[in-house]
Amino acid sequence: MYSIPVVTLSSEVSVAKVVKGALHLYIGTLVVNIVGYLYWIIVSKFVSPSDIGVASLITNISAITMGVIALGIPTGIRRFLGKAYMEKNMEEFRKFASMGLTILLLTSGLAALIFIAFREFLAGLANIEPVFVIMLSILIILTTCNALFNSLFVSTVRTKVVMLLSIFNSVNRLIIGTFLVYIGYRAFGIVLGILIPVSITFLLYLALSIHSGYLDGIFFEIEAVKEILKAGSANWIPAVIYLFGVNFGVIIVYGMRGAFEGGLYYIAFAVALVIFAIHASLSSLLFPILSGMKDHRKKMTWRVTRLALAIVAPISVVAALYGDVALSMFRPEYVQAHKALAVLVMGAAPAAIASMISVLIYAYGMYRRVLKIGLSTNVPRLLMYFILTPAMGIVGAALSFLIGVFTGLAVAVLFAYRIGFKISWRDVAILIPTPFLLAVPMYMFNIPWFIGTPLIVALSLFVYARLKALLLEDVKEIAKAILPRKVVEFGLEKFGWLIDFVFR
């Protein structure tokens, strides 16, 4: 009978904890995306495209503004929160949490006041009613604060809270927004259907943060504020450039190729983001954990990277090969975005490597190097949008995004070498190409998706195991994170012969 060893890299942290926490984040992201798609499909039945356009304008401006005024704090502060939590220093944790929230309230409040003060001018410029600008101002404050609350619970590895609140917010938006639109509130109902759930989520986050002891009083220390701003600056500029880059990609496609192609690219990118969210969930949780570890950071980082590649690579290939099936679920005409989707998902595995290296460097406090990785990813991407999109349409926009992934990866690998982080290129050479090679016969013989998908995934995992690119202890860590212990023990006992065959 197989035992289940606890593979721990520090006294507090195991890979299972990272995987389980990341699983909650990813489930939340996946459900939010699914509910979001359903919401827009339903809403579009009751309102005109112009109404949806107004709502999209408000949400996009809110997202971009939040990225600018947040100063990278929701991400940067995780380094201090994770370290304080791992050291069981909750006084330090509360100090940084309170100061982070104070800074964001000031910046978001200032932005909101500016929008409100110029609401008539901005409303005329965008050809919308002034009330939408006021709603936008409130949305900016709430979403900015919610991003900080999100970091509090991620840093303490309570990602189930984040998952549940994310799902709760999306379901509320579906119910409230659909009802308001159905009774005739049109664009106003769509925006209000977003604003009300975000307000409820804010109040729940605030109550849970106080109840959990994450917020207790007001702290303000100049030196600590400088540290928070310094940590945030490393990801702030790249994040802002990323927000503009992604939005400009859609805008350029709309402007140069027409609204129809713009819609195709938007859907293709939304589907691709579901796959990118896998490694994003792992890296977002890995950051505060690495920040709190004193030893074995590099070992932990590579193990999580290897897991990310083992999951992302096969799924990316399946999406590239059978993406037309997923796209057809929206409307038949979206199948035309299949090539763009295939190009986008080719960057998921390389992006996972770059993301994990960036997190490791960030945990060491090397902010300038994190900044350089972010800039090397997003600046080339932004420039290429203007070059490739006019000539190649949505495929050109997708290629621009992909180019940014590889330029960022090149810089990340260079910095990994400089800090002594050893990338097992042997593992990479197995993990990434294997599903691509398996997909070739599926494509040549036109194997349907319901046969090709499980074959690609299962055979990829089999090759990973036989060639030791995926270790038995990795699988056990994932199993412990996802399944009850008794289920794992039963499976190991009953299928020990199969494990022997695959891994030995």
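Phe-46 lies in the loop between helix H1 (15-43) and helix H2 (49-69), where helices are DSSP runs of H or I with at least four residues, numbered from the N terminus. The model is predicted, so that local features need pLDDT of at least 70 and side-chain atom pairs count only at pLDDT 80 or more, while totals for chains, interfaces and linings use all residues. Residues are numbered from 1 along each chain as its sequence is written, and side-chain values use heavy atoms, with hydrogens and water left out.

**Surface patch**

- At 40% relative accessibility, Phe-46 counts as partly exposed, a class that falls between buried (under 20% relative accessible area) and exposed (over 50%), with a 1.4 Å probe and protein chains only.
- Together with Phe-179, Tyr-182, Ile-183 and Tyr-185, Phe-46 makes a nonpolar surface patch of about 570 Å²; such patches consist of residues with over 30% relative accessible area and no salt bridge, the nonpolar side chains (Val, Leu, Ile, Met, Phe, Trp, Tyr) being joined within 5 Å and like charges within 9 Å.

**Salt bridges**

- Side chains of opposite charge can pair when their charged atoms come close.
- A search of the whole structure finds two salt bridges, each defined as a side-chain nitrogen of Lys or Arg within 4 Å of a carboxyl oxygen of Asp or Glu.
- In one of them, the side chains of Asp-427 and Arg-306 meet at 4.0 Å, N to O; because Asp-427 lies in helix H17 (residues 425-431) and Arg-306 in helix H12 (residues 297-328), the pair ties together parts that are 121 residues apart in sequence.
- Asp-427 is buried, with a relative accessible area of 6%, and Arg-306 is also buried, at 7% relative accessibility.
- Asp-427 also meets Arg-426 in a salt bridge of 3.1 Å, N to O, and Arg-426 counts as partly exposed at 46% relative accessibility.

- Arg-173 lies in helix H8 (residues 159-182) and counts as buried at 17% relative accessibility.
- Leaving aside neighbours within four places in sequence, Arg-173 is in contact (heavy atoms within 4.5 Å) with Gly-36, Tyr-39, Thr-178, Gly-193, Ile-194 and Pro-197.

Note on methods: Areas by Shrake-Rupley, 256 points an atom, 1.4 Å probe, with all protein chains shown as cover. Helix = DSSP H or I, 4+ residues; strand = E, 2+ residues; numbered from the N terminus.
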